[in-house]
Amino acid sequence: MDYATLEPSLYTVKAVFILDNDGNRLLSKYYDPELYPSMKEQKNFERNVFNKTHKADNEIAFLEGMTVVYKSSIDLFFYVVGSPQENELMLVAVLSCLFESLSQILRKNVERRCLLDNMEGVFLIVDEIIDGGVILESDPQQVLQKVNYRVDENPLSEQSVAQKHTVGVLSYLTCLVQSKTYLSCCYWRRFGQGETKAEQTELYYRTSN
Amino acid sequence: MELKQGPNSRHSHTGFPGVTGNGSNPFQHLEKSAVLQEARIFNETPINPRRCLHILTKIIYLLNQGEHFGTTEATEAFFAMTRLFQSNDQTLRRMCYLTIKEMANISEDVIIVTSSLTKDMTGKEDVYRGPAIRALCRITDSTMLQAIERYMKQAIVDKVPSVSSSALVSSLHMVKRSYDVVKRWVNEAQEAASSDNIMVQYHALGLLYHLRKNDRLAVTKMLNKFTKSGLKSPFAYCMLIRIASKLLDETEGGHDSPLFDFIESCLRNKNEMVVYEAASAIVHMPNCTARELAPAVSVLQLFCSSPKAALRYAAVRTLNKVAMKHPSAVTACNLDLENLITDSNRSIATLAITTLLKTGSESSVDRLMKQISSFVSEISDEFKVVVVQAISSLCQKYPRKHSVMMNFLSNMLRDDGGFEYKRAIVDCIISIIEENPESKETGLAHLCEFIEDCEHTVLATKILHLLGKEGPRTPQPSKYIRFIFNRVVLESEAVRAAAVSALAKFGAQNDDLLPSVLVLMQRCMMDSDDEVRDRATFYMNVLQQKQKALNAAYIFNGLSVSIPGLEKSLHQYTLEPSEKPFDMKSVPLATAPITEHKTDMAPIATSKLPEKLAPSRQDIYQEQLAAIPEFQALGPLFKSSEQVQLTEAETEYVVRCIKHTFARHMVFQFDCTNTLNDQLLQKVVVQMEPSESYEVTNYIPATSLPYSQPGSCYTLVQLPDDDPTAVSCTFSCTMKYLVKDCDPNTGEPDDDGYDDEYVLEDLEVTVADHIQKVLKANFGAAWEEVGDEFEKEETFALASVQTLDEAVGNIISFLGMQPCERSDKVPENKNSHVLFLAGVFRGCHDVLVRARLALADGVTMQVTVRSSEETVVDVILASVG
């Protein structure tokens, strides 16, 4: 904890990771080889952090001797980890840059499915924000310009899926009911905000019939 | 379908969510082998960028999930991937760079892509250049770095910010591996530092600092330049603040330097990040005055009401740290902190409350404790430890609150929690018990309850030891027996052994319990573990003798020798078989542990290393001295003193002395440092002139003393045999040596030298140098054991001393003995006190001192001394008088 031992250094970020609703890893990068060198330790750490943070959106926590800043969006959790001596606001700057940049390429639709569909964009953005623990860029506009990534209008993963299934209205509806997460994110976008869920469902039935 | 097609038309596709079945993760159930199979299409012509992109993404995703790739398969995929450089798809190319970085350590021959990357790095497409540099530096080792050095230098000063930043950051990564090459780029980095781009500025500053950090002058110059010219990047400002505070720390200069002014000026920066960094730097400076702290504290106070949780957290955490050393400086923030105690972020609330506990008044304690107990179960172990530490310091401050605290701690002890947390609670309860005798029984009761269900062996043995020490002296010792004996029945070997030792102490102290204890001991003698059986048998036999002296020596106060020393002596004894029994007195004594008061009680990343018994300072000296042939006949080292300065600070030569006492001799170790870079000293000795009948018998010179390399010389002195009462003596010391002038740069000395001498300060030997501290856990028993055969008593008036505290401190430092039974702490508002001191006099004679002090116009002191040797008693009384 002794501040005097903090060597001035550009190595600010110890780790960054994105987890889903169940605490599964979608992406994670550890920049300090001494911090959790093995995959098992990393996943334990992520699990512990997830358990302690997913219930309340508190932005910041101190866990296993590390400062962790975090942010959640629908079914995603974003974490940036730094040493306990690190300036917390620097870590927050990294986290918000990551979130803003992703929000832009995902068209404000920061949820698991969209993120996974654009995984290459996510990898590239993380690579432009942090290089080996050093903050490379903290301005989302600059990051987007450097990545120059366009959302694939018709991702391969879905093409192959679409070929396999006959898409009927009925199955579509059943699926809608099953997939609650989907309800909460896609509906809002399509029908605009303001209506209650019941109104949305009604509206949807009308439009689809 | 007549769906409204918004601008996000693509999502009408993904709008069939459940169609993919499971939680719609396109990467779920990916098979490594299948993906590698798919990677064969990399070789197809023409390249299908979209499909290839997707496969690369899958590979990186798998690597990220921790999937293991064998060298052969990784190399195969890597080589196939290199073909994708033929495509001009931007995203695909960027993903190739990522793949190269990810596979750099698992694939072989990654350097095959060097030329492709070099081409991209120097090409026309700016989008490729930065990432290509970073990928290239990842796979380049120091031998190949020279080949791309020219390009790197150009890239650092490139006008495109992303190229320059990438080159600077990559250079920084390579400083570790190839310092000698990278340091040649310092001019380019210097140029980049004056860039308009804020990130380039920051990265250039970071690289420059890493290249120059061992050259303080260069760092100072750099700092002056940048603090004057002003930077745009807030990150760079934070870096400058850290460099400045490190320099301030190293120079130990006053806070009136321009560096401090710079940090203070950053408190007025418009960026919060910089303001916080500056405030934090000021708070963490050692010996900061209240006036210097004030502006930093007031910006932190403002941050306390920020809507951003991270900023509130940062502010209150830093204030918490200020409160440890300067509680009064934080009092002004009490209102703002009060607002935070209900913060939804429990970490912030905890820190706010623990800060208030440090700064607030006694009356607010109950309210705050109630508040914190409402959510203590929600916070992480790290912060629970912070709470316990706050309680611990509170108990020292407001001893009257101990019952509230004890109650709170016992509740915490019952909750779930890890080892560090439980240990903190147990330590805290133990310290309360020691500070407040009236809380002893409740505290012991809580601890007894705790060990009934305690999974931590270390804590259980610690508590059992405490029970053995304190329990027998409580009004109702019998009630602890049950708790202790339960351990014998239920626990692991280590705990059982500790329980047996604790039981023995009850038997030794309380005659009425002895028969029952003996019965229990008998039961323990049938234990399955050797150690438990041995202890039980040993204690059984000692207890049956019913002799106070035996009890004191073998049950209450254990061995007082140094454990590594004992090990060494025993080993030595087994090497040389002899008829003589092993003599315990030949073993050097253990130096009594110095009770240190922890002041820094921040939430620490608790070390995971188990505590190891480190050899004490004296064990190290013993070893060093034994290696010198002249000192081998002196016997075991009895005591080593603290270092004594014999020169002023900042003189040509710095000399410190350590006094080593042996049975009949003393060795003076002079640690000398030559601070002149144009001189080499040779044959250095310190000549000593004693004032009393001490006799200098031998000098062992330091052969050579080059600039700034410390060396030691020794002087051996024989203590007067005929007059054992001559314990104090003053030596006048002169350092004598041969000087050779030498070249300050190369250190090459001239052939000729001349003799010179340097007068040092006088060195005193006092009675404390002849006495080793020994802790007697049970002073009363030890007092009886020594007996009153050579007891002497005298009364003194200490006219110059005004308080009991001062008197106690003076006696302890004068005699150099160990205070026992915590008698060095004088309770408040008392005008009489009894001090118990224990020690061993040179020649292995136990000596005990009981000093009754009374306060009335100065302090009156009645000293009673007991020892196994009459002269020792006389020596002590004579030296006190």
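**Strand pairing, a cavity and a buried loop residue**

Phe731(B) sits across from Leu763(B), a residue of E11(B). This is a predicted model, in which local features need pLDDT of at least 70 and side-chain atom pairs count only at pLDDT 80 or more, while totals for chains, interfaces and linings use all residues; side-chain values use heavy atoms, with hydrogens and water left out. Residues are numbered from 1 along each chain as its sequence is written, and chains are lettered from A, with ligands numbered from 1, in the order in which they are written.

**Around strand E9 of chain B**

- E9(B) and strand E11 (residues 763-765) of chain B run antiparallel, joined by three bridges. Strands here (E, at least two residues) and helices (H or I, at least four) are DSSP runs numbered from the N terminus, and two strands pair if DSSP finds at least two bridges between them.
- Six bridges tie E9(B) to strand E10 (residues 754-759) of chain B, again antiparallel, with Thr734(B) opposite Val759(B).
- Strand E5 (residues 679-690) of chain B is also antiparallel to E9(B), through 10 bridges; there, Val685(B) faces Lys736(B).

- Ala726(B) is in the loop linking strand E8 (711-718) to strand E9 (729-741) of chain B.
- Is Ala726(B) buried or exposed? Ala726(B) counts as buried because its relative accessibility is 13%; the cut-offs are under 20% for buried and over 50% for exposed, with partly exposed in between (1.4 Å probe, protein chains only).
- Leaving aside residues up to four places away in sequence, Ala726(B) touches Tyr694(B) and Pro720(B) (contact means heavy atoms within 4.5 Å).
- Ala726(B) and Glu692(B) are 34 residues apart along the chain, with 7.8 Å between their C-alpha atoms.

**The sheet in chain A**

- Five strands of chain A make an open antiparallel sheet, ordered E2-E1-E5-E4-E3.
- Strand E2 (25-30) and strand E3 (60-63) of chain A are the edges; each has a single partner strand, so one side of each lacks a neighbour in the sheet.
- Strands E4 (residues 66-73) and E5 (residues 76-82) of chain A share seven antiparallel bridges, and Ser72(A) has Phe77(A) as its bridge partner.

**The second largest cavity**

- Among the residues lining the second largest cavity, Gln85(A), Tyr276(B), Ser280(B), His284(B) and Arg317(B) lie nearest its centre. A cavity is a set of points on a 1 Å grid over the protein atoms alone where a 1.4 Å probe fits but cannot get out, and lining residues have an atom within 4 Å of a point.
- Helix H16 (272-283) and helix H18 (309-325) of chain B are the elements giving two or more residues to this lining.

Key:
1 Å grid on protein atoms, 1.4 Å probe; cavity = no way out; pocket = protein on both sides within 12 Å on 5 of 7 lines; lining within 4 Å.
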